[in-house]
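Have the structure open while you read.

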Amino acid sequence: MRYAEIIVDLSAEAVDRVFTYSVPDEMAADVGWQVAVPFGNRTLEGFIIALKDEPGIPSDKVKPVLNAVRDYPVILPELISLAKWMHERYLCNLVDALRLMIPSQMRGDRVHERTVRMAHLRMTEAEVEAFIAGNARAKAQCALVKALLKGDLECPALPKAPLKALVDKGLVEIVREEVRRTPASLRVAADSADPELMPDQRRALDTLLGAMDAGGRFLLHGVTGSGKTEVYIRVIREALARGRSAIVLVPEIALTPQMVSWFHARFGGDAAVLHSGLSAGERYDEWRRIRTGEARVVIGARSAVFAPLEDIGVIVVDEEHESTYQSDRRPRYDAREVAWRRAEAHKAVLILGSATPSLSTYMRAMPGVRPENRLHLLEMRGRVRGRPLPPVELVDMRVEFQRGNQTIFSAKLREALARTLSEGRQAILFLNRRGYATFVSCRACGKVVKCSQCDVSMTYHRDTDRLVCHYCGREMAPPKTCPECGSRYIKYFGAGTQKVEEEVRRLFPDARTVRMDVDTTQGKDAHEALLARFRSGECNVLIGTQMIAKGHDFPHVTLVGVIAADMTLNLPDYRASERTFQLITQVAGRAGRADEPGRVIVQTYDPDHYSIQLSAKQDYRAFYGMESAYRRKALYPPFTVIARIVYSSRDPMACRNAAEQAEQELNGFLDTHDQRPDVIQMRALEAPIKLLRGLTRWQVFLKMYFKGDTETVTKEMQALAERAPEGVRAELEVNPTNLF
Ligand code: ADP
Ligand code: ZN
Ligand code: ZN
């Protein structure tokens, strides 16, 4: 008798452990199989994570596995160990980690292979001739037999009666064959020649190829337009030639249709995509193609890091500085860390690529880092074909205002836009805020209209003439009079992308604008459609939020305008400078990518700030120096660890009590442990957004030095969160991307 250690597919702390079941003798079973098991008085699905010969518990208590849901390892052994590591590292239930490894519809048996019935001939050519000679009167059967001699045919397309006759005689058999549902982005022809590499690309590639056998970790720091993608493609090609496979992570697949088509053009059917925009069937089929080894290059967003590939040779994380690599729900994993871990397990080459690496990544590429944490730095300082980086001009909007210009465009940007349009070229205008006016307030008493369910101001949307809460989506009609004092002087302040679009149309009636923000990209494939309108030249001004700052390559863009560079600078977040630097550098990098030189105009109220100055110079090194000095001094990550438990509840008092109770308990814990000296700050307080979707929010906020055993503290905080009282939700966040 064999026994299976099983994780049941039920997410609750109480069942987050291994259960032992017996495997009936007549049943085949293996590690990684998805099976059905009796659990209490129900039947549940579960995953076999180990097999053993002894039950380890009294065998009369052991129940048998009922049946296999899928009789092959849906989770490979390497991914089972990865899930165990995630369970420790991200303090999540093991089953929550395992669930990330398969398309969600595979659970609860909601998706299957699509199969067609095929007619297969069971005769040799000689037998067919004999059959035709002997059955001349059965014309239809003879014709069918002849047709099948050339290959199997789909049953629904064949004449029924003769088919049945042949099947009855045992001359034809019906077999089921699996067919694939192919995602739209992969339905393009594959052909594309290799460009000759630039010297920088060559050097980077040679180093990467040299690490193919032993594996290695690299930061590919290349300026915008230096041709990082081509380097990825060549390394992956070599991995495939050696019979290995590859993963390419991109921040958001909808924003990178170009990347997918480039990869498909170069790798054809070897490429697969995995992302949430696919239909359930497409997703499952892509997953199957990967699992069976038909597709060996996987492109996808964050969760594609779990692709069921064997023998991975390369893992690429493109635009590694993007916050989308960190999951904002449980399990709160960081795809870059997971990629690191998998690369190690496979002795693969890990490449983190960016023009603006995150501070913590870059730090690991500096001298003095311990070898096990070390990234090898590869630099590409110039654009391909010796194209220059576009010059960036700063415009001080305070001076504009003094000169009497109260519009959102400086004279300089307006003139540059006029010239660009009259020359028949394209422009990008960037403003990291959607809507029309960013808040609405009363001139008489100063009241700002806020969402009734959230502690945030409402944004005015011109197209629908509504006020919208950007946190919960609640809408209302704009008030005609002040709800506080009755005054009729209601004013709209601050500009969003809708206002920029309106201004462009007013100033340049001939401009053909396309706006890209959360409001215009709701439908399936909406991103792709908008990007295509700009790429084809149908539109000549692209206006948008950070969505347009990512790695797009538009050859005809010669002007980039940043409407308000300090918008992200004023956010209450210790990473505000870093984000601002990244956004401006990235969006500036969209200009002048082909033969026509580009120009970038950045409008700001804070032209002396180092992140604006240095992004204008596109000087990453200098920025890194300033920013890391600031973080070290101000005790922010990556020099410290920030952890917080966020409490939320309908009941404000219960919420506050829970947080204060946890603060006391955590104090008690720290007092009895030697981590105490490493903790810089710990207290319970209201969250910066104290009301969200009608829930009151409190937090227990903790900051400690990044040394020693910080995990003991975060584990204790996780335990505290799990003990939160009824009616209060509690969630632990460690170095979260958002602190609101
Ligand atoms: P990055 O991601 O570094 O900003 P891309 O990978 O988007 O840059 O490349 C920029 C452009 O240069 C793309 O249009 C790409 O096809 C082109 N390119 C890349 N390498 C070469 C090369 N060796 N020769 C010619 N064009 C190249
Ligand atoms: Zn008022
Ligand atoms: Zn709201």
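**Aromatic rings at a glance**

Ring pairs tie Tyr362, Phe581, Tyr610, Tyr620, Phe623 and Tyr624 together into a cluster. Keep in mind that this is a predicted model. The count of aromatic pairs comes to 17. A pair of rings is described by how far apart the centres are and by the angle of the planes.

**An edge-to-face pair**
- Tyr471 and Phe740 make an edge-to-face pair, with 5.4 Å from centre to centre and 85° between the planes.
- This pair links distant parts of the chain, 269 residues apart: Tyr471 is in the loop between β21 (466–468) and β22 (475–476), and Phe740 is in the segment after β31 (729–734).
- Tyr471 has 34% relative accessibility, so it counts as partly exposed.

**A stacked pair in the cluster**
- Phe581 and Phe623 are stacked, at 4.2 Å centre to centre with 10° between the planes.
- Here, too, distant parts of the chain are linked: Phe581 belongs to helix α16 (residues 576–588) and Phe623 to helix α18 (residues 620–634), 42 residues apart.
- Both Phe581 and Phe623 are buried, and both belong to the ring cluster.

**Charges over rings**
- Arg364 places its charged end over the ring of Trp340, 4.9 Å from the ring's centre.
- Lys703 lies over the face of Tyr636, 4.5 Å from the ring centre.

Terms used: Residues numbered from 1 in each chain as written. Chains lettered and ligands numbered in written order. Predicted model: local features only at pLDDT ≥ 70, side-chain atom pairs only at ≥ 80, totals over all residues. Heavy atoms only, no water. Phe/Tyr/Trp six-rings, centres within 6.5 Å; stacked < 30°, edge-to-face > 60°. Helix = DSSP H or I, 4+ residues; strand = E, 2+ residues; numbered from the N terminus. Buried < 20%, exposed > 50% of the residue type's maximum accessible area, 1.4 Å probe, protein only. Lys NZ or Arg CZ within 6 Å of the ring centre and 35° of its normal.
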